[in-house]
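User: Please take a close look at the aromatic pairs in this structure and at the core around them. I would like one connected account with the cut-offs stated.

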Amino acid sequence: MNTIEFLQISSAIVPDREALVEVGGNQQRLSYLEMSETVSRLAAIIENSGVTHGDKVAVMSQNSAEYVMTYYACAMLGVTFVPLNYRSKDAEISHMLNISGAKILFSSERYTELVNRIRPSLDSTKVFICYDSAADGFEDFKTLLAAAEPSFNFAEIDDSEPTILMFTSGTTALPKGVILSYLDLTAYVTNTMNPADPDTHDKTLVSVPFFHIAGATAMMSSIWGGRTLLILPQFSPDGWLNAVDKEGATHSMVVPTMLKRIMEDENLNSTDFTSLQLITYGAAPMPYEVVRKACDIFPPQGVGLMNAYGQTESTSTLTFLGPDDHDLSTDKEKREERLRSVGRPMDDVEIGIMDERNKLVADGEEGEICVRSDRVMQGYYDQEDATSSAIISGWLHTGDVGRVDEEGYLFITGRKKDLIIRGGENISPGEIENCLEDHPQIEEAAVIGVPDTEWGEVVKAILVLKPDAKMTQEEVTEYCKSNLASFKAPQYIGIVNELPRNAMGKVLKNDLRKDYGEAISDNV
């Protein structure tokens, strides 16, 4: 099934219902009929730029109505959509564009200067379109759209074809492209939501970025369900609360950091939550004290909470901890313990806990969390070795370590891979270690994640300095911020005489976590 059919079906069933509403920004409001007509004209712009079935189109922008419509225009033509993380550094953006071979880049105005900086390094990207204005070196989206005639070229696609190439940071320095097919997205959306119904009008408030898998699935499931998609260009607690209060949002997905800030906002108690049915949280580890506080605030007001655990490689959610498990009015002690879990598998997902030999372990034993599902990624784009390491005998190896209890609840107990997840952003320790070891006063560096109430995890660097060298926490942080995205800079450091290593010379990260895993700076 081509995902453009999500829009076609809902446009036929609820044509006059608002499909896209920008909360903040330029306050666009488009009905399903208006959205469908605009998507057809946007598809013509893409066609007229020489892009055909199987080619790739990239977007680097904050959340917007244009962002959503660009995806559906690509789906209509059988073109692969490449959403880019605008928080990435120049070299990372160049890498993603060159590896993908994207022919067009749509950008919001705030990123045009970045794009112009990297333009000489781009191999395939030749057409640049700005959503907001006719920026230097960019064609003006609004002018092109006004002149375009609707396209009626609906591509015949195979379910196995890629619809999204989504880049995610891994344990290597540069992002890896996750290939998600039409089948992957269709299986997820149709298994989690009913199609449009003229008698049911829900509103999804999306505050996570569309370049994240949770944002991408939101813009598909909402359209399939005939919902109104309330779009926050960028998250803020007051913006989120205002959208709930004034726009009548019924559902929203947030990362733990967002939920914490929402609960701390001064407008929380004056917000009308009558419309809100469900808050889903995920994409990063949830501090227990945050979810426990949320249980005291939201369920008593009739707002359900759901923990969703998944990965880009699994097309979003694998397991969920539902609203009943967040209601502490009964079975309080048992449910408080379950809050430390990520719930039970979705109907189309099989969870397996495996040992180092890729053998299933007994119930209750700890091992790597592995999954089987029709919506597991096809693989990493142009990286056969990485794909074969991640998908073994049909099982996706998540890199997370956990156990399943006697009632089928999954508890994550650690991470096999070294990936750090800060507020929903994946951070590669190797990239930071390489940066630190370029500093003239640093001999060796090892990076780990440590728990943080605000972000779930933050970066801590364990350093071996060169003889007679001295460094402060502030010096390390500022150095990293000058060379990396700011969210990758270490928040804490530890100074040691040597790093623990095994007989093969590999740094023993588990030993470092044991000895230096607290959110403090050591020996500084």
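Analyst: What follows covers the aromatic pairs, the nonpolar cores and the charges over rings.

The model is predicted, so local features need pLDDT of at least 70 and side-chain atom pairs count only at pLDDT 80 or more, while totals for chains, interfaces and linings use all residues. Residues are numbered from 1 along each chain as its sequence is written, and side-chain values use heavy atoms, with hydrogens and water left out.

Twelve aromatic pairs are found in the structure. Rings of Phe, Tyr and Trp (its six-membered ring) pair if their centres lie within 6.5 Å; planes under 30 degrees apart count as stacked, over 60 as edge-to-face and the rest as tilted. The pair of tyrosine 67 and phenylalanine 210 is tilted, because the ring centres are 5.3 Å apart and the planes stand at 55°. Tyrosine 67 lies in helix 3 and phenylalanine 210 in the loop between strand 10 (203–206) and helix 8 (213–224), so the pair ties together parts that are 143 residues apart in sequence. Helices (H or I, at least four residues) and strands (E, at least two) are DSSP runs, numbered from the N terminus. Tyrosine 67 counts as buried at 0% relative accessibility, and phenylalanine 210 counts as buried at 1%. Buried means under 20% relative accessible area, exposed over 50%, partly exposed in between (1.4 Å probe, protein chains only).

Phenylalanine 128 and phenylalanine 138 form an edge-to-face pair, with 5.8 Å from centre to centre and 70° between the planes. Phenylalanine 128 is in strand 6 (residues 127–130), and phenylalanine 138 is in the loop between strand 6 and strand 7 (139–140). Both phenylalanine 128 and phenylalanine 138 are buried. Arginine 119 lies over the face of phenylalanine 138, at 5.3 Å from the ring centre. A charge sits over a ring if NZ of Lys or CZ of Arg is within 6 Å of the ring centre and within 35 degrees of the ring normal.

Ring pairs also link Tyr67, Tyr71, Tyr72, Phe81 and Phe210 into a cluster.

Tyr72 is also among the residues with the most contacts inside the largest nonpolar core, which has 140 residues. Helix 3 (residues 65–77) gives the most to this core, with eleven residues. A nonpolar core is a set of buried Ala, Val, Leu, Ile, Met, Phe, Trp, Tyr and Cys residues joined through side-chain atoms within 4.5 Å. Another core, of 23 residues, lies apart from the largest one and includes Ile427 and Ile432.
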